[in-house]
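Reader: Hey, I'm new to this one. Can you walk me through what's in it?

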Amino acid sequence: MSNPPRLRGRPRSTTDKTEQNTVQALDRALGLLKLLADSTGMTLSELAERSALPVATVFRALVTLQGHGMVEAEDPGQVWHIGPGTFRAGSAFLKRTKITERARAPMEALRDATGETVSLGIEAAGEVLFLAQVEATADLRAFFPPGSTGLMHLCAPGKALLAWYATEKTEEILQRKGMTRATTLSLSSPESLSRDLARTRERGFAIDDQERAEGMRGVAAPIFNAFAEPVAAISIAGPTFRLGLSDATRFGSLVRASADQITEATGGQRP
């Protein structure tokens with residue numbers, strides 16, 4: 001006996017009616033959640049001011065979110081914080097892929113071999129979303145906490161992905177997100193980035209030479225799926241006084257090897 005077909009989660013009538021299908025209360029609550037996620041705690045009045053919503057509306061949304069463990073209040077002063085429910089929801093996202101689990105051992109080995117912080121990132125909404133990190137033990141080290149994001153043209157993992165994307169996808173991301181400069185060394189034109197991505201493909205890894213933050217350098221290589229498509233990137237990053245350009249080039253082969261190891265472990269293949 002065959003199983004009945006699974007119902008789709010989006011009614012046909014919702015096509016091209018984004019505003020009509022937005023639940024205003026939910027939209028506001030998620031906006032408040034994002035504000036709290038980017039802070040170390042905010043009072044009710046601060047949230048109302050930042051969100052441009054009435055205090056009563058903010059309070060109702062917070063109480064609802066609190067009931068699901070998404071936010072929590074700290075006395076005295078009723079300072080609101082992100083709650084443990086958000087961690088559980090975020091952890092569920094990681095279950096969509098085997099990469100995080102399979103990458104742990106190679107990331108730790110790469111950290112031990114280079115002495116620098118190792119991160120794993122994917123593309124999400126045109127930016128790099130960091131999924132996992134293995135920190136270096138040095139006092140001064142790079143730090144990209146899971147859940148943080150970065151513009152793709154500014155960081156090594158982003159450039160590692162862009163280098164192997166189809167040209168149309170790379171152009172669409174750059175057009176949508178722009179090419180903001182973060183430092184004087186940031187690549188700010190499609191032409192300069194195109195040349196950099198060509199060099200990245202030739203050597204097999206990307207280098208961020210103080211393009212996202214002055215005094216910090218990074219190296220990254222892409223991880224591929226079964227269709228030889230780039231789906232994630234593994235990277236190392238550290239201060240320039242410890243991670244020179246010669247070191248970045250030397251460590252590039254180690255980063256590339258780690259990426260290939262994860263590709264193989266997840267059933268992927270290099271192009």
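Reader: Where does Arg141 lie?
Author: Arg141 sits in the loop between strand 4 and strand 5. Keep in mind that this is a predicted model.

Reader: OK, and is Arg141 buried, exposed or partly exposed?
Author: Arg141 is partly exposed, because its relative accessible area is 34%, and that class runs between 20% and 50%.

Reader: Which residues does Arg141 touch, leaving out those up to four places away in sequence?
Author: Arg141 touches Thr117, Glu135, Ala136, Met216 and Arg242. As for Pro239, 98 residues away along the chain, its C-alpha atom is separated from that of Arg141 by 6.6 Å.

Reader: Switching topic: what's the strand order in the sheet?
Author: The order is 5-4-3-8-7-6, in an open sheet of six strands with antiparallel pairing. Strand 5 (149–151) and strand 6 (206–209) are the edges, each pairing on one side only. From one strand to the next, the twist averages 30°.

Reader: How many bridges join strand 3 to strand 4?
Author: Seven, with strand 3 covering residues 117–124 and strand 4 covering residues 127–134, and the two run antiparallel.

Reader: And which residue in strand 4 stands opposite Gly121?
Author: That's Phe130.

Reader: What about helices, which strands does helix 9 touch?
Author: Helix 9 (residues 245–265) packs on the sheet and touches strand 6, strand 7 (216–224) and strand 8 (230–239).

Reader: What angle does the direction of helix 9 make with that of strand 7?
Author: About 25°.

Note on methods:
Residues are numbered from 1 along each chain as its sequence is written. This is a predicted model: local features need pLDDT of at least 70, side-chain atom pairs count only at pLDDT 80 or more; totals for chains, interfaces and linings use all residues. Side-chain values use heavy atoms; hydrogens and water are left out. Two strands pair if DSSP finds at least two bridges between them. Helices (H or I, at least four residues) and strands (E, at least two) are DSSP runs, numbered from the N terminus. Axes are lines fitted to C-alpha atoms, for helices over the stretch in contact, and angles run from 0 to 180 degrees between N-to-C directions. Contact means heavy atoms within 4.5 Å. Buried means under 20% relative accessible area, exposed over 50%, partly exposed in between (1.4 Å probe, protein chains only).
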